[in-house]
Structures are given as structure tokens and as C-alpha cells.
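Trainee: I am new to this structure and would like to learn how to read it. Please start with the terms and then go through the features.

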Amino acid sequence: MANVELDDLYREVVLDHYRNPRNRKPLANPQAAVEGFNPLCGDELTLQISLSNGQIEGVALQARGCSISQASGSMMSEAIKGKSLPEVRRVLAAFTAMMRGDPAVNAEELGDLEALEGVRGFPVRVKCATLAWHTLEQALAELAAKPGEATA
Ligand code: ZN
């Protein structure tokens, strides 16, 4: 039983993102830069975003901490890259709904992110998985507060 539960937590795609984190290279000119911290686990991350024509052109994420926080951050960075801000907000909403256990979650928006659903079975790890997404929320707020950036 314990093995089955661990398999739920560490699905192959999650392990792959942990071992080979995407989008680690810092951006030269980010329009938003936000740091996130999960004191329950000690996870830390820095998220940078740059926009071009209302789309996420560049995303960079440096993460330190447990495997789940790093994998979730890497998966988030892949999920938002190249997307428009409204699309990013839809993915963010779908992920948040999934982690809440909302039955109305839009699986189409999630793609690979669905692999993180198993984390819900480990309540102390949920904050590890959602850290990158809370940081993304702050970055979106930072972008929206900037004059001249189209956020429609
Ligand atoms: Zn953690």
C-alpha cells in the first residue's frame, strides 16, 4: 500500500521535471520577478517573467527545496511559456481547482500537470506543490500593476 501511494506522488513525469528542471536560466530583463517561500518545508524559489505582445515570452525559475516543489515549479514554467495572460490565468485556475479537489476541474487545461494530483493525498506536501503557483499569482499581479503592459 505504501508503495502504491508513493507511486501516486512520484509519477514519471514529475520525476523527470525534478531531475531535469526546465527554464532555469535567469532572464536578462524580466518584467516581473517574485520570490516564494514555503516555511513548512523550507522550499524557496525565484520566478522571473518577461512578456512580448501580451504573451509569456520568457520564464525562468530557480528552485531550492524538496522534489515536489522543484518538479511543480518546472512543470508550471513549461505550462505557461508562450501563453497569453488569460490562458495563463486559466491554467492557474485549473491547477488550483485540482489541488482543492474541485470536481469541476478542467482537465484539458492541465495536460501533464494532472500528474501532480496525487500530492493531494499528502496534505503536508500540498503547499510544496502550490508554492510555484502562488508565486505565479504574485508575478501576474506585478505585471498587471505595470503601466503599458496589455493584460487583457
Ligand atoms: Zn517541499
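Mentor: Two strands pair if DSSP finds at least two bridges between them. Helices (H or I, at least four residues) and strands (E, at least two) are DSSP runs, numbered from the N terminus. The model is predicted: local features need pLDDT of at least 70 and side-chain atom pairs count only at pLDDT 80 or more, while totals for chains, interfaces and linings use all residues. Residues are numbered from 1 along each chain as its sequence is written, and side-chain values use heavy atoms, with hydrogens and water left out.

Trainee: In which order do the three strands of the open sheet stand?

Mentor: The order is 1-2-3, with antiparallel pairing. Strand 1 (32-38) and strand 3 are at the edges, each with a single partner strand, so one side of each has no neighbour in the sheet. On average, neighbouring strands are turned by 15° against each other, direction ignored.

Trainee: How many bridges join strand 2 to strand 3?

Mentor: Nine bridges join strand 2 (residues 43-52) to strand 3 (residues 55-64). L45 stands opposite A63, L47 has L61 as its bridge partner, and I49 is opposite V59. The hairpin of these two strands has two residues between the strands, and N53 takes a positive phi near 55° there.

Trainee: What joins strand 1 to strand 2?

Mentor: Seven bridges do, and the two strands run antiparallel. A33 stands opposite Q48 in strand 2. Four residues lie between the strands of this hairpin, and G42 in the turn has a positive phi of about 90°.

Trainee: Is strand 2 mostly covered or mostly uncovered?

Mentor: In a regular strand the side chains alternate between the two faces of the sheet. Strand 2 is mostly covered, with seven of its ten residues buried. Buried means under 20% relative accessible area, exposed over 50%, and partly exposed in between (1.4 Å probe, protein chains only).

Trainee: At what angle do helix 2 and helix 3 pack?

Mentor: Two packed helices are described by the angle between their axes and the distance between the axes. Axes are lines fitted to C-alpha atoms, for helices over the stretch in contact, and angles run from 0 to 180 degrees between N-to-C directions. Helix 2 (residues 12-19) and helix 3 (residues 67-80) pack at about 90°, with their axes 8 Å apart. Helix 2 and helix 3 are therefore roughly perpendicular; angles under 35 degrees count as roughly parallel, over 145 as roughly antiparallel, 65 to 115 as roughly perpendicular and the rest as oblique.

Trainee: Which aromatic pair does the structure hold, and how are its rings arranged?

Mentor: A pair of aromatic rings is described by the distance of the centres and the angle of the planes. Rings of Phe, Tyr and Trp (its six-membered ring) pair if their centres lie within 6.5 Å; planes under 30 degrees apart count as stacked, over 60 as edge-to-face and the rest as tilted. The structure holds one such pair. The ring centres of F95 and W133 are 4.2 Å apart and the planes are at 10°, so the pair is stacked. Both F95 and W133 are buried.
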